[in-house]
Amino acid sequence: MSILHILGFIWCIPNSLIGFIVYLFTFGSSITEFKSKPYPHIEVIMNNKGTVYKIFKFISGGLAGFTIGSFIFICYENYCERLLKHELEHVRQNMVYGIFKIPLYYLFGAIAFLQGKRPYMDNYFELLAQDAEIR
Ligand SMILES: [Zn+2]
């Protein structure tokens, strides 16, 4: 773990606090591990019994996971290397952009929408994460 990774981990603590609050609602329905590679992050594998899982499945329209700060939340049935690489790219983005990541994410979504593209799939941050999946 480099000094830049540690600084990035600290820089995204405000976002990670939101992730931590969401994490609290997965108690009893998740397997959680702190991992340091490729960056310091927390992986939360959710089973189908938890509140966060059910809410996420209801609103996500089939998505398999999400990342808030350095917390990665993945639905157990979708856990795979490719998805993990996708979510790890979002962790990296959070470590680079810190508190600006969430407003920038919605700004890029709005820009994509105004260009007649899809706000989610054509969002700059999602395109980078899709590239990371196959790296
Ligand atoms: Zn994504």
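The structure is a predicted model, in which local features need pLDDT of at least 70 and side-chain atom pairs count only at pLDDT 80 or more, while totals for chains, interfaces and linings use all residues. Residues are numbered from 1 along each chain as its sequence is written.

I begin with the whole chain. It holds 6 helices and 4 strands; helices (H or I, at least four residues) and strands (E, at least two) are DSSP runs, numbered from the N terminus. From the N terminus on, the order of elements is α-α-β-β-α-β-β-α-α-α. The radius of gyration of the chain, taken over C-alpha atoms, is 14 Å, close to the 14 Å that the globule rule gives for 135 residues, so the chain is as compact as a globular protein of that length. That rule is 2.2 Å times the number of residues to the power 0.38. Along the principal axes, the C-alpha atoms fill a box of roughly 45 × 40 × 30 Å.

Of the 135 residues, 30% count as buried. A residue is buried if 20 or more other C-beta atoms lie within 10 Å of its own, exposed if 12 or fewer, and partly exposed in between, with C-beta atoms placed from the backbone. Two residues are in contact if their C-beta atoms, placed in that way, lie within 7 Å. Among contacts with a separation of 6 or more, 59% come from residues 24 or more positions apart.

The 4 strands form an open sheet in the order 1-2-4-3, and the pairing is mixed. Two strands pair if DSSP finds at least two bridges between them. At the edges are strand 1 (30–35) and strand 3, each of which pairs on one side only. A hairpin of 5 residues joins strand 1 to strand 2, and these two strands pair in the antiparallel sense over 6 bridges. Within strand 2, H41 is the residue opposite K35. Strand 3 and strand 4 are also antiparallel, over 4 bridges, and G65 faces I74 in strand 4.

Helix 2 packs on this sheet, touching strand 2 (41–46), strand 3 and strand 4, and its direction makes about 40 degrees with that of strand 4. Helix 4 likewise touches strand 2, strand 3 and strand 4, at about 20 degrees to the direction of strand 3. For these angles, axes are lines fitted to C-alpha atoms, for helices over the stretch in contact, and values run from 0 to 180 degrees between N-to-C directions.

Which residues of helix 2 are buried? They are N15, S16 and G19. Seen down the helix axis, the buried residues fall within an arc of 95 degrees, so they line one face of helix 2; the arc is that of the directions from the axis to the C-beta atoms. They pack against strand 3 (65–68), strand 4 (71–75), helix 4 (81–97) and helix 5 (101–114). On the face turned away from this buried side, helix 2 carries the exposed residues I21 and L24.

Finally, I consider G62, in the loop between helix 3 (51–60) and strand 3. G62 is exposed, because 6 other C-beta atoms lie within 10 Å. Its C-alpha atom is separated by 18 Å from that of K85, 23 residues apart along the chain.
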